[in-house]
Amino acid sequence: MSRVAVEHRGAYELVDVTGDVTGALDAAGRRAARSPIDYPTVGDWVVRSTEPRSDRRVAITEVLDRTSLLCRRAAGPRTRPQLVAANADTLAVVTTPTPAGSGSAADSAASDPAGHRIEWYLTAAFSGGARPVIVVNKIDTVSNVEHEATVDALRRRLGSAAADVPILATSALDGRGLDSLGALAGDGATVALSGPSGVGKSSLVNRLAGAEVMPVAPLSTDGRGRHTTVRRQLVPVGGPDGGTFVDTPGLQDLIPWSGDPGVGNQAGRLGAASGLAQAFPEITERARHCRFADCTHTVEPDCAVTAAVAAGELAAQRLSTYLELVSDMAGDRFGERSSPR
Ligand SMILES: Nc1nc2c(ncn2[C@@H]2O[C@H](COP(=O)(O)OP(=O)(O)OP(=O)(O)O)[C@@H](O)[C@H]2O)c(=O)[nH]1
Ligand SMILES: [Mg+2]
Ligand SMILES: [Zn+2]
């Protein structure tokens, strides 16, 4: 069995016991592919030919069923999925702490200056069958009080979902919290890291691997990341537990893919509805009691969700975050919904 470590245009760097080879999907696989989801991606387990073809690539003859698929909506006007990683057990959403005095902690902790929103990542993880974990990195840059305030603000912001989302605090500089992060990849598990540019994803991976596997670069003068990592890459970490990390390029935005990720569990297929239900349990549970099955929780009468906000049982901010996410997933931001004329 081989695993896809790096993806190039039409070719894949594969790792297995015999070492590294480059592979390409065979003609039958290409013919059968209906969408980007049907192509191999980083983290996939594949079956390959032993002998290289004339172009010195081996043929990938089969992509094994995935246990999870992290998938985002590609930026731009066309509705298309973009794969982040396959078979990740955990999605580590990396963020940084909020120094005191930099605005309202409750708002800024969950959305960093680049505007990235933790709830989007959580929904993508849950939709695709990976367990989300939040990693607050660079805790060496703030006081303990500030770092605890960041974690508290995150928990408050995540509402009922907070119970299902562990929050780790790390420093790739002084090594704090790295054992907990490394432990997520114990027993041969795979942990994908995602988040905005410059939060220290590659620095964390390098620390865990004990080598400069991934390039790292300082922030630009305005404090933003420089998009140093340009490709997704599998990074095996040594140690008794084995385990694998997937480093990924920093994202402006991760909008969960609303289509079928093609993965499931005993309860059935996963996907956007299941992801939203896990990321916003207190909203989706109430929504079952709305008068209209297709209630948008905005203007409808007998809406159990807006009633909960009015009664002070549900934070208005939580509902507006949910509605914004649903609208992003529907592609409203790209003007895809045809407006009635
Ligand atoms: N003080 C401090 N600096 C850190 C820490 N982790 C990373 N950095 C610094 O932050 C900068 C960006 O780190 P990277 O690891 O390149 O960030 P990244 O998330 O991989 O960024 P992209 O690849 O652009 O997505 C570098 O200057 C790192 O040295 C940390 O825990 N503490
Ligand atoms: Mg990086
Ligand atoms: Zn409603």
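Colleague: How many residues join strand 2 to strand 3 in the hairpin?
Modeller: In this predicted model, local features need pLDDT of at least 70 and side-chain atom pairs pLDDT 80 or more, while totals for chains, interfaces and linings use all residues. Residues are numbered from 1 along each chain as written, chains are lettered from A and ligands numbered from 1 in written order, and side-chain values use heavy atoms, without hydrogens and water. Strands are DSSP runs (E, at least two residues; helices are H or I, at least four), numbered from the N terminus, and two of them pair if DSSP finds at least two bridges. Strand 2 and strand 3 pair in the antiparallel sense over 5 bridges, and the hairpin joins them through 2 residues.

Colleague: Which residue forms a salt bridge with Glu 7?
Modeller: A salt bridge puts a Lys or Arg side-chain nitrogen within 4 Å of a carboxyl oxygen of Asp or Glu. Glu 7 meets its partner at 2.8 Å, N to O. The partner sits 225 residues away, in the loop between helix 6 and strand 12; the residue is Arg 232.

Colleague: Is Arg 232 buried or exposed?
Modeller: Buried means under 20% relative accessible area, exposed over 50%, and partly exposed in between, using a 1.4 Å probe and protein chains only. Arg 232 has a relative accessible area of 18%, so Arg 232 is buried.
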